[in-house]
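Subject: Structure handover and findings

Dear colleague,

I am passing on the structure below, and the notes that follow it set out what was found. Please read them alongside the coordinates.

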Amino acid sequence: MAGVLAGCGGSDDKKDKASEPIAGVRRTDSPKSSPAAKSDTPGAGADELAAKWNLKPFAPPPAPPAVKPVKAGGAKPPVVDRIPTDQKIVFITIDDGAEKDPKFLEMMRDLRIPVSMFLNDTYVRQDPEYFRKLQALGATVQNHTLSHPDLKTLGADAQKHQICGQQDRLAEVYGTRPTLFRPPYGNWNATTQTVAGACGGIGAIVKWQESMQINDMQYVAEKKLHPGDIILAHFRGPSDLKGTTMTQMFGNMLRKIQAQGYTIARLEDYIG
């Protein structure tokens, strides 16, 4: 197990599957299609769509492995912060749901970056349709508790309320039970594993190796990406990002990933 960051998913500068191509990339595999959604730039190709966001098209990710490298499930789901692989792929996760930037929807329509959303009910209740639109664009909906407590401070019943309650809530709102769970602040204990394993549907507890700040990533160890790294970002806006929008932050992250020669794969294709 690699090192652990503190925080909801690291400090900031303050302290079913989808198959849409990534930035118009030509896919080499043939996964099932998700509901189609038109780009905000009709008729644009991969280069044009990427350039709109000051990016280059990402290389296509490899076809998902026939046997997923992380075996999920069991009475105590595994805790994962990196996927075992030698391929230059990373995985993007986005937490909480506080910011609901409409420009980010436009970016995701154009680029079709695979992301896993770990959502709190506190923020889902404010605007469930926003995340439904992202889900239609291929983002997956995953569990981040009802109200974002530090689970290590709670007993079994309270943890069950937070984790299993959010399983039920997200299934009700988005039509499918999450398969992954992320504990707030990255804090968990043996009770967390046991409760998550009994909630129904949770196959793994997901942490991270890097957390995106405003302009760059905060790394656990070496200041570089490694194959299979799980990256954490947040639905945060200008008030938290010193005037930077979420869409600008996300673009900064994508450029950092590209600069290190990586492409982005879907986390759920590697855990199961």
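The structure holds one disulfide, a term that here covers a pair of cysteine sulfur atoms within 2.5 Å. The two partners are Cys164 and Cys199, whose sulfur atoms lie 1.8 Å apart. Because the torsion about the S-S bond of Cys164 and Cys199 is about -85 degrees, the disulfide is left-handed. Cys164 belongs to helix α5 (residues 156–174) and Cys199 to the loop between α6 (190–198) and β6 (204–206), so the pair ties together parts that are 35 residues apart in sequence. Helices (H or I, at least four residues) and strands (E, at least two) are DSSP runs, numbered from the N terminus. Cys164 is buried at a relative accessible area of 10%, and Cys199 is likewise counted as buried at 10%; buried means under 20% relative accessible area, exposed over 50%, and partly exposed in between, with a 1.4 Å probe and protein chains only.

Before going further, please note that this is a predicted model, in which local features need pLDDT of at least 70 and side-chain atom pairs count only at pLDDT 80 or more, while totals for chains, interfaces and linings use all residues. Residues are numbered from 1 along each chain as its sequence is written, and side-chain values use heavy atoms, with hydrogens and water left out.

The structure also holds ten salt bridges, each being a side-chain nitrogen of Lys or Arg within 4 Å of a carboxyl oxygen of Asp or Glu. One of them joins the side chains of Arg82 and Asp229 at 2.6 Å, N to O. Since Arg82 sits in the loop between β1 (79–80) and β2 (89–96) and Asp229 in the loop between β8 (217–219) and β9 (230–234), this pair ties together parts that are 147 residues apart in sequence. Arg82 is partly exposed at 30% relative accessibility, whereas Asp229 is buried at 0%.

Arg182 forms a salt bridge with Asp95, with the closest N and O atoms 2.8 Å apart. Arg182 is in the loop between β5 (180–181) and α6, and Asp95 is in strand β2, so the pair ties together parts that are 87 residues apart in sequence. Arg182 is buried with a relative accessible area of 0%, and Asp95 is buried with a value of 0%.

A salt bridge between Arg169 and Asp121 has its closest N and O atoms 2.6 Å apart. Arg169 lies in helix α5 and Asp121 in helix α3 (residues 121–124), so parts that are 48 residues apart in sequence are tied together. Both Arg169 and Asp121 are buried.

Turning to helix packing, α2 (residues 102–111) and α4 (residues 128–136) pack at an angle of about 10 degrees, with their axes 10 Å apart; axes are lines fitted to C-alpha atoms, for helices over the stretch in contact, and angles run from 0 to 180 degrees between N-to-C directions. That angle makes α2 roughly parallel to α4, a label for angles under 35 degrees, where over 145 is roughly antiparallel, 65 to 115 roughly perpendicular and the rest oblique. Pro102, Phe104, Leu105 and Met108 in α2 meet Tyr130, Lys133 and Leu134 in α4, contact meaning heavy atoms within 4.5 Å.

Best regards
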